[in-house]
Amino acid sequence: MRADDLVGVWHLVSFRELDGAGTPGVGPLGDAPRGRLVYTRDGHVSVHMMRGPDPGPVPVPYMGYAGTWRLDGSRIVHRIEVTPRHDWIDTEQTREATLAGGRLTLHARTRVDGVEHRRVLVWRRDRA
């Protein structure tokens with residue numbers, strides 16, 4: 001995978017979460033999340049994700065950040081500059097990445113109630 005392979009706009013296809021035992025489950029944004037991921041050639045990244053298609057009258061769960069990115073082998077490193085998560089500001093988040101057939105799969109690790117979980121996000125390249 002080369003950096004040029006990632007440049008562009010990506011649409012979120014799925015967001016799944018695997019618990020500590022590896023059992024897959026629905027991610028934090030439900031069964032049909034919506035999202036956009038943008039990688040620019042000059043090294044900027046922007047990620048926006050929310051529950052979809054109609055979360056009802058309650059506030060829409062939203063996840064997002066912006067900053068810079070770089071490729072490190074088969075891993076993508078996001079340096080986060082802007083986010084509603086105060087604990088992520090000025091941190092680097094590393095994503096294991098695979099690219100096949102116009103789909104980018106990113107693997108992230110997080111802690112839920114003190115237990116490590118693995119999140120798997122699948123993105124489809126925007127051809128527009």
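Mentor: Start with His 11, which lies in strand E1. Keep in mind that this is a predicted model.

Trainee: Is His 11 buried or exposed?

Mentor: His 11 counts as buried, because its relative accessibility is 13% and the cut-off for buried is under 20%.

Trainee: What does His 11 touch, leaving out residues up to four places away in sequence?

Mentor: Gly 35, Arg 36, Val 122, Trp 123, Arg 124 and Asp 126. Gly 35 is 24 residues away from His 11 along the chain, yet their C-alpha atoms are separated by 5.7 Å.

Trainee: How do E1 and E3 pair?

Mentor: In the antiparallel sense, over four bridges. Trp 10, for example, has Leu 37 in E3 as its bridge partner.

Trainee: And what joins E3 to E4?

Mentor: Six bridges, with the two strands running antiparallel. One of the residues involved is Val 38, whose bridge partner in E4 is Ser 46. E3 and E4 form a hairpin with four residues between them. In its turn, Gly 43 has a positive phi of about 95 degrees.

Trainee: Which residues of E3 are on the covered face, and which on the uncovered one?

Mentor: Gly 35, Leu 37 and Tyr 39 make up the covered face. Arg 34, Arg 36 and Val 38 are on the uncovered one.

Trainee: OK, new topic. Which residues have the most contacts inside the largest nonpolar core?

Mentor: Leu 37, Tyr 39, Met 49, Leu 104, Leu 106 and Trp 123, in a core of 21 residues. Strands E1 (8-18), E3 (34-39), E4 (44-50), E5 (62-72), E6 (75-82), E8 (103-112) and E9 (115-125) each supply at least two residues of this core. As a general point, nonpolar side chains tend to be buried together in soluble globular proteins.

Trainee: What is Leu 104 in contact with, beyond its neighbours within four places in sequence?

Mentor: The contacts of Leu 104 include Leu 37 and Tyr 39, as well as Trp 10, Leu 121, Val 122 and Trp 123. Met 1, Leu 6, Ala 97, Thr 98 and Leu 99 are also among them.

Trainee: Which backbone atoms does the side chain of Thr 83 reach?

Mentor: One is the backbone oxygen of Gly 64, at 3.0 Å. Another is the backbone nitrogen of Arg 85, at 3.2 Å. Not counting residues up to four places away in sequence, Thr 83 touches Gly 64, Tyr 65, Trp 88 and Ile 89.

Trainee: Last one, Asp 31. Why is Asp 31 classed as exposed?

Mentor: Because its relative accessible area is 58%, and exposed means over 50%. Asp 31 is found in the loop between strand E2 (24-26) and E3. Leaving out residues up to four places away in sequence, Asp 31 touches Arg 16 and Val 26.

Key
Residues numbered from 1 in each chain as written. Predicted model: local features only at pLDDT ≥ 70, side-chain atom pairs only at ≥ 80, totals over all residues. Heavy atoms only, no water. Core = buried A, V, L, I, M, F, W, Y, C linked by side-chain atoms within 4.5 Å. Buried < 20%, exposed > 50% of the residue type's maximum accessible area, 1.4 Å probe, protein only. Contact = heavy atoms within 4.5 Å. Pairing = 2+ DSSP bridges. Polar contact = N/O pair within 3.5 Å; in protein donor to acceptor, adjacent residues only side chain to side chain.
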